[in-house]
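Student: I'd like to learn how to read a structure like this. Could you walk me through it?

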Amino acid sequence: MPLLEATLLTKRFYIDHLQREIEVFSNLSFSLESGQFVLVGGANGAGKSSLLRCLYRTYVPTSGRALFNSALGVIDLANAADVDIALLRRQEMGFVTQFLRPRPRVSALELVAEPLVDGGMAWEQALEQARQMLYSFGLKEALWSAYPTTFSGGEQQKVNLSRALIAPRRLLLLDEPTASLDAATRNSLQNRLSELKAQGVAMIGVFHHPEDIQHLIDSEIRLTASQEEVGYVAD
Amino acid sequence: MLDTSSRPLSPRFEPPQLVTSPPIVRAIGLHKRYGRVQAVADVDVEAYPGEVLGIVGESGSGKSSVLRLLNLEEQADSGTYLLNTPVLEGQDLFALDRFRRREVQIMNIGVVYQNPHLGLRMRFTSSGNIAERLLLTGERTFATLREAARESLSISEFPLNRMDDPPRVLSGGMQQRVQLAKALALRPVLLLLDEPTTGLDVSVQALVLDTLKRLQRERHMTIILVSHDLGVIRTLADRVMVMRHGRVVEQGLTDQILEDPQDAYTQQLVHAKL
């Protein structure tokens, strides 16, 4: 089976105080193989980010299935136990945004190494890999042991991407990671994504400027705001 | 009572398939009444090894009562409570006599209260507070006690040059670190935190949270954390249970509860606080 197979995935929000349901997307079906890169396209408000969040289970899908071929067995992301999703997030599924959540007194290096440690790696080794990652994203070495709470926006983004892309994952969900990056960082990101793709990592991404990653795209899921003609376009 | 007919039911997910280890904490069907108040009604709590489970809810929702039951401070009116350790496996802790219960609590559960007066002797030295915990296990050698206290304070990031000061002369943040050191001294399998940073000023709160996060990562402790502060919950908890009127109204992954709450009350709670 493919790495991910979504069938009739639907998301509606029920807002209690409005006594209203808001439809985000409905009956979406698509599949994704290892090493494939799928762009999620569509106008603002068409539910692109919501789709990623449903797969990561930050949002609860209203109906449908999303079968994920995990190393531990096939599991439906839409209905799996919370602890199973938490396990997949530590080991197999990553979510990449443009925002870093720095914590006081945690150095850039530690912040980047943490996902590896959470996956079971020893600190020493994790820190070594974190150094390489920060180096490849071009963060000045003088800042590695400093606290990102005080960093500039651009420096924080380098730490953020290093952290989000350091651990081995089977599936990466990319929520506009290139937005507001400078040219050099965007370039490092493109390199890292091609490297991951070549290693067989599957990716689903929302990009404001898809031309940044045009050469990586294998196919596209187009969401339409009207929701009447949600379709899957493969090329 | 909530009217459940007018809204979609909370999602029911499958039982765990990928996580094969059993929960380390398994408390089922907890009930507790104080006089006419049903403080806890039919609450199940399950926590897996190395997980941080948050319990949120407003004052009077029963969240601290649940914690007191889990700390074996009080007897439940009904329910069972299992801690899955080699020694205790299969044993309902509520069914133990009070001496054995006290022993199980000391050896397996650590607790940090919002109010340090509940957890510490304010006029003893800080190191003495921790040594006392070890005395309960039969340790009597002064050097060993002192070394253990030092180690425990050190991992809690307490400044060791103040280890012989009594908690009453320490700041609120420091007092919480002494409580934490005491809670961790016997390497409990379960750490219970009851509003551990409420009342501390924001910068101190961040530091204490950071210590907790570090310790959790390094020791893979199972933590159950009660807080009404969603920021604290977001920082520490992997999963969250939302309580109201003594019942669990919703539970889920922390980000899901905060970003896509399913229950009407949770929606209210989240939107009021963010």
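This is a predicted model: local features need pLDDT of at least 70, side-chain atom pairs count only at pLDDT 80 or more; totals for chains, interfaces and linings use all residues.

Student: Let's begin with the chains. How many helices and strands are there in chain B?

Tutor: Chain B has 10 helices and nine strands. Its radius of gyration is 19 Å, close to the 19 Å that the globule rule gives for 274 residues, so chain B is as compact as a globular protein of that length. Along the principal axes, the C-alpha atoms of chain B fill a box of roughly 65 × 45 × 40 Å.

Student: And how many helices and strands are there in chain A?

Tutor: In chain A you'll find six helices and 10 strands. For 235 residues the globule rule gives 18 Å, and the radius of gyration of chain A is 18 Å, close to that value, so this chain too is as compact as a globular protein of its length. The box for the C-alpha atoms of chain A is roughly 55 × 40 × 35 Å, again taken along the principal axes.

Student: Now the interface. How do I put a number on it?

Tutor: The size of an interface is often given as the accessible area lost when the parts come together. Here, chain B and chain A bury about 3000 Å² between them, with 55% of it on carbon and sulfur atoms. On the chain B side, Phe13(B), Leu18(B) and Arg217(B) lose the most area to chain A, together 25% of what that side buries. If you'd rather count residues, 35 residues of chain B are in contact with 39 residues of chain A.

Student: Where is Phe13(B) found, and which residues is it in contact with?

Tutor: Phe13(B) is in the segment before β1 (25-34) of chain B. Setting aside its neighbours within four places in sequence, Phe13(B) is in contact with Arg57(A), Val60(A), Ala78(A), Asn79(A), Ala80(A), Ala81(A) and Asp82(A). Sequence distance and distance in space can be read side by side too: Phe13(B) and Gly252(B) are 239 residues apart in sequence and 9.7 Å apart in space, C-alpha to C-alpha.

Student: What about charged side chains? How many salt bridges does the rule find across the interface of chain B and chain A?

Tutor: Side chains of opposite charge can pair when their charged atoms come close. Across this interface the rule finds eight salt bridges, and the count over all chains comes to 31. Take Lys11(A) and Asp260(B), whose side chains meet in a salt bridge at 2.6 Å, N to O. That pair crosses between chains, from strand β1 (residues 4-15) of chain A to the loop between α9 and α10 of chain B. Another salt bridge joins the side chains of Arg89(A) and Asp255(B), at 2.9 Å, N to O.

Student: How many residue pairs are in polar contact there, and which element of chain B gives the most residues?

Tutor: The rule finds 14 residue pairs in polar contact across the interface of chain B and chain A. On the side of chain B that touches chain A, α7 (202-219), β9 (247-253), α9 (254-259) and α10 (264-273) each supply at least two residues. α7(B) gives the most, with eight residues. By kind, the residues of that side divide into 12 nonpolar, eight polar and 15 charged.

Student: How much area do domain 1 and domain 2 of chain A bury between them?

Tutor: They bury about 1000 Å², 60% of it on carbon and sulfur atoms. Arg169(A), Thr185(A) and Arg192(A) supply 41% of the area that domain 1 buries against domain 2, more than any other three residues. Between these domains of chain A the rule finds zero salt bridges, along with four residue pairs in polar contact.

Technical notes. Residues are numbered from 1 along each chain as its sequence is written. Chains are lettered from A and ligands numbered from 1 in the order in which they are written. Side-chain values use heavy atoms; hydrogens and water are left out. Contact means heavy atoms within 4.5 Å. Buried area is the accessible area (1.4 Å probe) that two parts lose on being put together, summed over both. A salt bridge is a side-chain nitrogen of Lys or Arg within 4 Å of a carboxyl oxygen of Asp or Glu. A polar contact is a pair of N or O atoms within 3.5 Å; within protein, one must be able to donate a hydrogen and the other to accept it, and residues adjacent in sequence count only if both atoms are side-chain atoms. Helices (H or I, at least four residues) and strands (E, at least two) are DSSP runs, numbered from the N terminus. Ala, Val, Leu, Ile, Met, Phe, Trp, Tyr, Cys and Pro count as nonpolar, Asp, Glu, Lys and Arg as charged, and the others, Gly among them, as polar. The radius of gyration is taken over C-alpha atoms; the globule rule is 2.2 Å times the number of residues to the power 0.38.
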